[in-house]
Amino acid sequence: MSTAIEQRWAPHVTVATVVVRDGRLLLVEESIDGRAVLNQPAGHLEPGESLAAAAVREVLEETGWQVELTAFVGCYQWTAPDGTAFLRFAFAGDPVAHDPALPLDAGILRALWLTPAELQAEPARLRSPLVQQVVSDYLAGQRYPLSLVKEAA
């Protein structure tokens, strides 16, 4: 007989940020299991970190870009084919400054700017269906105040 603790659902909590400049989306090309895939700058929430701080940190670590968050896009739930559950909190942000000398996270091949059409033309290269869903929602105007995401004191 299993206990309630063993049955507790514990998804991976991740953040992602949509950054747009001159009509192009900031994306990362990363190596996952030997495949080069496309993703928003994204990653896992770290202990003691707010969701907003994690989003800003991940963009910097994966692209060298400093961003200012402007909106909350949405919360997305997805289960990968291997059964891993993810809960993604997506933000929108404006690019502020770039440091091309900053080393990128392990596994990140490069940061690149693609038009929405270029991204849509590469469905087999998306890290997950969340990448296109978040972009589609953002492009449809889905934006909420950052105050929607609260951190208790």
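**Entry 1, V73 and the cores.** I began with V73 in this predicted model, and, setting aside residues up to four places away in sequence, I found that V73 touches A90, F91, A92, V134, D137, Y138, Q142 and Y144. I then looked at the largest nonpolar core, which has 18 residues, and noted that V73 is among those touching the most other members, together with L25, L27, L38, Y76, L119 and V134. At least two residues of this core come from each of strand 2 (24-32), strand 5 (65-79), strand 6 (85-98), strand 7 (108-114) and helix 4 (129-139), and helix 4 gives the most, with 5 residues. Apart from this core I recorded another, of 15 residues, which includes V19, L26, L51 and A54.

**Entry 2, strands 2 and 3.** Next I checked how strand 2 is paired, and found it antiparallel to strand 3 (residues 35-39), with 5 bridges joining the two. Across this pairing E29 stands opposite L38 of strand 3. The hairpin that the two strands form has 2 residues between them, and D33 there takes a positive phi near 50 degrees.

I turned to helix 2 (residues 51-63) and compared its length with expectation: at 1.5 Å a residue its 13 residues should span 18 Å, and the end C-alpha atoms are 18 Å apart, which agrees. The buried residues of this helix are L51, A54, A55, R57, E58, V59, E62 and T63, and what covers them includes strand 1 (12-21), strand 2, strand 4 (42-44), strand 5, strand 6 and strand 7. After the helix comes G64, for which I noted a positive phi, near 80 degrees.

Which side chain of opposite charge is nearest to E62? I found that it is R127, 6.5 Å away, and that E62 is buried yet has no salt bridge; the cut-off for such a bridge is 4 Å. Leaving aside neighbours within four places in sequence, E62 is in contact with V28, Q40, P41, A42, L104, D105, I108 and A111.

- E118 pairs with R24, with the closest N and O atoms 3.1 Å apart; since E118 lies in helix 3 (residues 116-120) and R24 in strand 2, the pair ties together parts that are 94 residues apart in sequence. E118 counts as partly exposed at 34% relative accessibility, and R24 is partly exposed too, at 33%.
- R127 forms a salt bridge with E30, the closest N and O atoms being 3.2 Å apart. This pair links distant parts of the chain, 97 residues apart, with R127 in the loop between helix 3 and helix 4 and E30 in strand 2. R127 is partly exposed at 42% relative accessibility, whereas E30, at 7%, counts as buried.
- R57 bridges to E46, with the closest N and O atoms 3.4 Å apart; R57 lies in helix 2 and E46 in the loop between strand 4 and helix 2, so the pair ties together parts that are 11 residues apart in sequence. R57 counts as buried at 15% relative accessibility, while E46, at 40%, is partly exposed.

Finally I noted that R57 and E46 belong to a network of salt bridges that also links E49, E58 and E61.

How values were computed: Residues are numbered from 1 along each chain as its sequence is written. This is a predicted model: local features need pLDDT of at least 70, side-chain atom pairs count only at pLDDT 80 or more; totals for chains, interfaces and linings use all residues. Side-chain values use heavy atoms; hydrogens and water are left out. A nonpolar core is a set of buried Ala, Val, Leu, Ile, Met, Phe, Trp, Tyr and Cys residues joined through side-chain atoms within 4.5 Å. Buried means under 20% relative accessible area, exposed over 50%, partly exposed in between (1.4 Å probe, protein chains only). Helices (H or I, at least four residues) and strands (E, at least two) are DSSP runs, numbered from the N terminus. Contact means heavy atoms within 4.5 Å. Two strands pair if DSSP finds at least two bridges between them. Lys and Arg count as positive and Asp and Glu as negative; His and the chain ends are not counted. The expected span of a helix is 1.5 Å times one less than its number of residues.
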